[in-house]
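Please keep the sequence and the structure in view while reading.

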Amino acid sequence: MKELIVATRNRGKIHEITALLAGLVDQVSSAADFADFPETIEDGVTFEDNALKKAREAARFTGLPALADDSGLAVDALDGCPGVFSARFAGEHAGDAANNALLLEKCHNIPEGQRQAAFVCVVAFVTPDGEEQLFTGRISGQILSSARGEGGFGYDPLFLVDGFDRSMAELTLAEKNGVSHRAQAIGKFLEYLRATELVKNVV
Ligand code: IMP
């Protein structure tokens, strides 16, 4: 694919997604490359609703095929919260530090062994001529009682990845991109892209 717009201004996501698309998309641009890129109101009740809304608006605004993800952390003992509210858990303009502090507070009384959680990512691919596809990824882990590691972004320092003795923030970018919810969803998108590009080249 020649050109694709990734509908996010989140530097952490742009960095991860661009690395994952390398080799299959010639030019990846993002919302951060446009001064007047529209701000999508994420008022959906599911990751699917929000991802589709962001991708549709980006495809309409740029006239390019658009990829958008909606993702978040779902903690079992908090009934799946913060979920779609992950980015604004501690308030509309809260940053990672405030969100992480609130997560620690909410999980304070959850005993060891009941701290299961998952990062979930839904990727929407929308083309200007109206094609729409959804892809989902999920990774399980446990909520830590204090932050560990400097890498990644968001809740990474508080998420102990199942199968690793490290938090998501203690993984390298390559390791995170080998297992993460976002990598899994984008991996499914890439499989789809390979298959459809193959068909286009044959037809
Ligand atoms: P979105 O931009 O509306 O999809 O919100 C995503 C929010 O979920 C981020 O701001 C983070 O708080 C959290 N999140 C999503 N993916 C990750 C991740 O890979 N690591 C840590 N936090 C994440």
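Ser-71 lies in strand E3, where strands (E, at least two residues) and helices (H or I, at least four residues) are DSSP runs numbered from the N terminus. The model is a predicted one, in which local features need pLDDT of at least 70 and side-chain atom pairs count only at pLDDT 80 or more, while totals for chains, interfaces and linings use all residues. Residues are numbered from 1 along each chain as its sequence is written, and side-chain values use heavy atoms, with hydrogens and water left out.

Ser-71 has a relative accessible area of 15% and is therefore buried (under 20% relative accessible area, with a 1.4 Å probe and protein chains only). Its side chain makes a polar contact with the side chain of Asp-69 at 3.3 Å, and another with the side chain of Arg-182 at 3.1 Å. A polar contact is a pair of N or O atoms within 3.5 Å; within protein, one must be able to donate a hydrogen and the other to accept it, and residues adjacent in sequence count only if both atoms are side-chain atoms.

## The shell around the ligand

The ligand is surrounded by 17 residues, of which Lys-13, Glu-42, Asp-156, Lys-176 and Arg-182 are the closest; a residue counts as near if one of its heavy atoms lies within 4 Å of the molecule. Strand E3 (66–75) and helix H5 (181–202) each supply at least two residues of this shell, and the largest share, four residues, comes from E3.

The protein covers 93% of the 490 Å² of accessible area that the ligand has on its own, with areas from the Shrake-Rupley method and a 1.4 Å probe.

## Helix H1

In helix H1 (residues 11–21), the buried residues are Lys-13, Ile-14, Glu-16, Ile-17, Leu-20 and Leu-21. An α-helix has 3.6 residues a turn, so residues three or four places apart point the same way.

Just after H1, Gly-23 takes a positive phi of about 95°.

Definitions and conventions: Buried means under 20% relative accessible area, exposed over 50%, partly exposed in between (1.4 Å probe, protein chains only).
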